[in-house]
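Morning, everyone. I'd like a few minutes on helix packing. Please have a look at the model first.

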Amino acid sequence: MIRVIVADDHIIFRQGLLKLLQSAEGITITGEAGDGKEALAMIVKESPDIAVLDISMPGLNGIDISKELNAMGSATKVVYLTMHNDVLTAQKALTSGVVSGYILKDDAFEDLIYAVKAVTAGGKFISPSIFDKILQPSPIRAVEKNILTEREREILKLIASGLTNRKIADKLSISIKTVETHRARILQKLDFHTTVELVKYAIRTGLLE
């Protein structure tokens with residue numbers, strides 16, 4: 001049996017998902033939660049095969065839960081349910097840790113059972129409507145341009161191109177300390193922690209061709 005926990009702060013929607021999953025052969029519900037902290041505690045206690053999580057929940061959001069599980073070395077796989085159908089949120093969520101599924105709430109009652117079984121078998125599942133967007137290269141949108149300053153975007157492009165802090169400093173005629181400060185600020189603004197994440201962001205937003 002596939003052991004599943006469902007966490008969503010909208011109780012009517014959550015109850016509908018529970019009924020859907022309970023109707024499926026080979027799936028058993030081991031718990032439900034209405035907020036992020038309750039969901040994380042339940043996952044740690046029950047160690048389900050799959051945690052179906054809303055991204056936006058009070059207390060602790062789904063992405064933070066995934067990061068916590070990843071840090072713990074949890075074997076539980078996460079399937080996100082969300083209203084967020086933009087590419088950046090999807091890509092950020094799918095690289096946040098133990099995530100194997102990303103389902104738009106509009107598609108939930110059609111795709112959830114299939115997604116749970118596919119993820120249990122070692123695969124991944126992304127709602128087709130958002131999957132098509134992820135595959136398409138997207139230019140930097142106006143809202144994204146406002147996240148970083150012109151100088152930060154310039155430094156991010158050089159970081160993504162593989163230049164060291166020293167080479168970036170020499171190229172821009174600034175100090176290494178200034179480069180390090182810009183790098184730290186970029187990471188903070190984008191809520192990233194590694195250079196790999198910066199490179200991926202630069203590619204998908206068109207900074208790095």
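This is a predicted model: local features need pLDDT of at least 70, side-chain atom pairs count only at pLDDT 80 or more; totals for chains, interfaces and linings use all residues.

Residues are numbered from 1 along each chain as its sequence is written, and side-chain values use heavy atoms, with hydrogens and water left out.

Start with H1, residues 11-22, and H5, residues 108-120. Helices here are DSSP runs (H or I, at least four residues), numbered from the N terminus. The two axes come within 10 Å and cross at roughly 50°. Axes are lines fitted to C-alpha atoms over the stretch in contact, and angles run from 0 to 180 degrees between N-to-C directions. H1 and H5 are therefore oblique to each other. Oblique is what remains after under 35 degrees (roughly parallel), over 145 (roughly antiparallel) and 65 to 115 (roughly perpendicular).

Who makes the contact, meaning heavy atoms within 4.5 Å? From H1, Phe-13, Gly-16, Leu-17, Leu-20 and Leu-21; from H5, Ala-108, Phe-109, Leu-112, Ile-113 and Val-116. That splits into 9 nonpolar, 1 polar and no charged. Nonpolar covers Ala, Val, Leu, Ile, Met, Phe, Trp, Tyr, Cys and Pro; charged is Asp, Glu, Lys and Arg; the others, Gly among them, are polar.

Second pair. H9, residues 165-172, packs on H10, residues 176-190, at about 110°, axes 8 Å apart. H9 and H10 are therefore roughly perpendicular. H9 supplies Asn-165, Arg-166, Ile-168 and Ala-169, and H10 supplies Ile-176, Val-179, Glu-180 and Arg-183. The tally for H9 with H10 is 4 nonpolar, 1 polar and 3 charged.

Conventions:
Helices (H or I, at least four residues) and strands (E, at least two) are DSSP runs, numbered from the N terminus. Contact means heavy atoms within 4.5 Å.
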